[in-house]
Amino acid sequence: MKLFLNECGIVCALGDSHEEIKRRLFAGESGIAPTDAWSPGRVLPLGRVMSALPDGAALPLGQRSRNNRLALAALAQIRPAVDAAVARYGANRIGIVIGTSTSGIAETEAALQAHFAGAALPLDFHYAQQEMGSPAAMLAHELKVTGPAYAHSSACASGAKAIASAARLIRMGLCDAVVTGGVDTLCGFTVAGFSALESVSAARCNPLSANRAGINIGEGAALFLMTREPAAVALCGWGEASDGHHMSAPDPAGSGARLAIAEALGRAGLKPAQIDYINLHGTATIQNDAMESRVVHDLFGPEVAVSSTKGFTGHALGAAAALEAALIWLAMQADNPEGLLPPQLWDGVPDAALPVLNVAAPGARLGRPLDWALSNSFAFGGSNATLILGRTR
């Protein structure tokens with residue numbers, strides 16, 4: 001059974017439309033900018049969404065959060081197709097599976113700051129805003145659908161795992177269509193948390209470089225409508241593995257990463273040599289880049305084009321895998337006949353301790369359409385996920 005990503009809505013630091021995001025991506029124009037909005041007194045480069053968002057005032061109080069408003073902005077881009085799917089299949093045959101890691105934590109931060117300053121908790125605050133399942137519940141409420149609706153929260157692999165779960169719902173016959181992807185918003189909690197881990201870079205992230213110094217946190221939303229109805233892009237394979245190596249550090253040997261990639265290739269019926277492009281997890285941390293580059297070199301060799309797109313969007317945590325799948329989806333559309341590849345922004349100084357990879361620079365292209373792309377997402381706790389997307393026409 002083939003599963004197709006019929007529609008894609010995406011909002012991130014690069015913009016809020018397919019046209020703007022593609023223009024900036026292929027031109028090598030980063031969406032990361034300095035701000036101290038979530039780190040008072042310390043300016044950091046973050047992938048901040050600057051677009052106007054729906055106000056969400058019509059949502060139930062427990063679902064009012066910037067995270068859910070960001071999800072609504074992505075939904076708006078695909079809403080006609082989703083409404084048509086509801087009308088065709090019935091509300092009980094539509095599922096919602098969303099990846100997130102922050103949900104409404106920012107609203108809780110603001111409410112507690114007011115409380116600690118001596119005021120009562122704000123009347124517009126409800127503890128349910130921070131529940132991890134909130135984006136899925138909100139979308140089900142907004143769309144008036146009654147199929148399975150839930151969220152994945154497995155750190156940086158959340159969006160990929162949500163997409164894999166959506167595929168299983170359709171393959172099992174529980175749904176005919178699923179709205180799936182990921183959404184995460186910036187908040188003080190994540191900025192402070194990653195800073196405490198000494199994982200945050202004071203400059204734009206620099207994947208695979210000898211000068212890399214950590215991540216830039218970002219935010220965004222990417223939602224797909226997945227069905228069995230043919231479309232230009234198919235979800236051809238997915239793989240998941242949990243190696244449990246360490247709470248935050250990847251297994252240096254990449255055992256879980258290798259398993260996830262192998263499972264995705266097997267499910268897609270592809271050999272490594274057939275992959276045209278790999279979107280790296282590419283966080284620009286010392287340990288992740290070392291592990292991932294060795295795994296990719298061992299399995300695919302030095303010729304396949306690779307890039308980390310986190311220099312454009314920042315690392316959007318629970319939404320990262322969905323955003324990166326969306327960038328691949330955009331690159332597989334018919335308006336890219338030359339196969340322009342999502343490039344990598346970095347200083348071009350490779351770490352001599354890492355195996356050589358074919359890093360796509362701005363303007364890199366295949367000279368033909370992009371047919372097969374693989375995307376890696378490797379999360380805390382050894383939660384690993386790989387997606388393979390294929391162009392069908």
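Two strands count as paired if DSSP finds at least two bridges between them. Strands here are DSSP runs of E with at least two residues, helices are runs of H or I with at least four, and both are numbered from the N terminus. With that in hand, strand 8 (residues 233-242) and strand 13 (residues 383-391) pair in the antiparallel sense over nine bridges. Val233, for instance, has Arg391 in strand 13 as its bridge partner. The model is a predicted one, so local features need pLDDT of at least 70 and side-chain atom pairs count only at pLDDT 80 or more, while totals for chains, interfaces and linings use all residues. Residues are numbered from 1 along each chain as its sequence is written, and side-chain values use heavy atoms, with hydrogens and water left out.

That pair belongs to something wider. The strands form an open sheet of eleven, with mixed pairing and the order 5-4-6-7-1-8-13-12-9-10-11. Strand 5 (149-152) and strand 11 (358-359) sit at the edges with a single partner strand each, so one side of each has no neighbour in the sheet.

Strand 1 is worth a stop. Nine of its ten residues are buried, so strand 1 is largely enclosed by the rest of the structure; buried means under 20% relative accessible area, exposed over 50%, and partly exposed in between, using a 1.4 Å probe and protein chains only. Strand 1 and strand 7 pair in the antiparallel sense over eight bridges, and Cys8 stands opposite Phe224 in strand 7. Strand 1 also runs antiparallel to strand 8, joined by two bridges, and here Leu3 has Leu235 as its partner.

Next come the helices. Helix 5 (residues 158-171) lies across several strands, including strand 1 (3-12), strand 6 (177-184) and strand 7 (220-227), and runs at about 170° to strand 6. Axes are lines fitted to C-alpha atoms, for helices over the stretch in contact, and angles run from 0 to 180 degrees between N-to-C directions. The axes of helix 1 (residues 18-27) and helix 10 come within 11 Å and cross at roughly 90°. That makes helix 1 roughly perpendicular to helix 10, a label for angles of 65 to 115 degrees (under 35 is roughly parallel, over 145 roughly antiparallel, the rest oblique). Among the residues that meet are His18 and Phe26 from helix 1, and Leu327 and Trp329 from helix 10.

What about the inside? A nonpolar core is a set of buried Ala, Val, Leu, Ile, Met, Phe, Trp, Tyr and Cys residues joined through side-chain atoms within 4.5 Å. The largest one has 65 residues, and those with the most contacts inside it include Ile10, Phe224, Leu235 and Leu387. Helix 10 (residues 320-331) gives the most to this core, with ten residues. Apart from it lies another core of 29 residues, Leu75 and Leu223 among them. Contact means heavy atoms within 4.5 Å. Setting aside neighbours within four places in sequence, the contacts of Leu387 include Ile163, Leu235, Trp238 and Ala325.

Helix 8 (residues 286-300) has 15 residues and reaches 21 Å from its first C-alpha to its last, close to the 21 Å expected at 1.5 Å a residue; the expected span is 1.5 Å times one less than the number of residues. Its buried residues, including Met291 and Phe300, pack against helix 7 (255-268), strand 9 (277-279), strand 10 (305-307) and strand 12 (372-379). Gly301, with a positive phi near 80°, follows helix 8.
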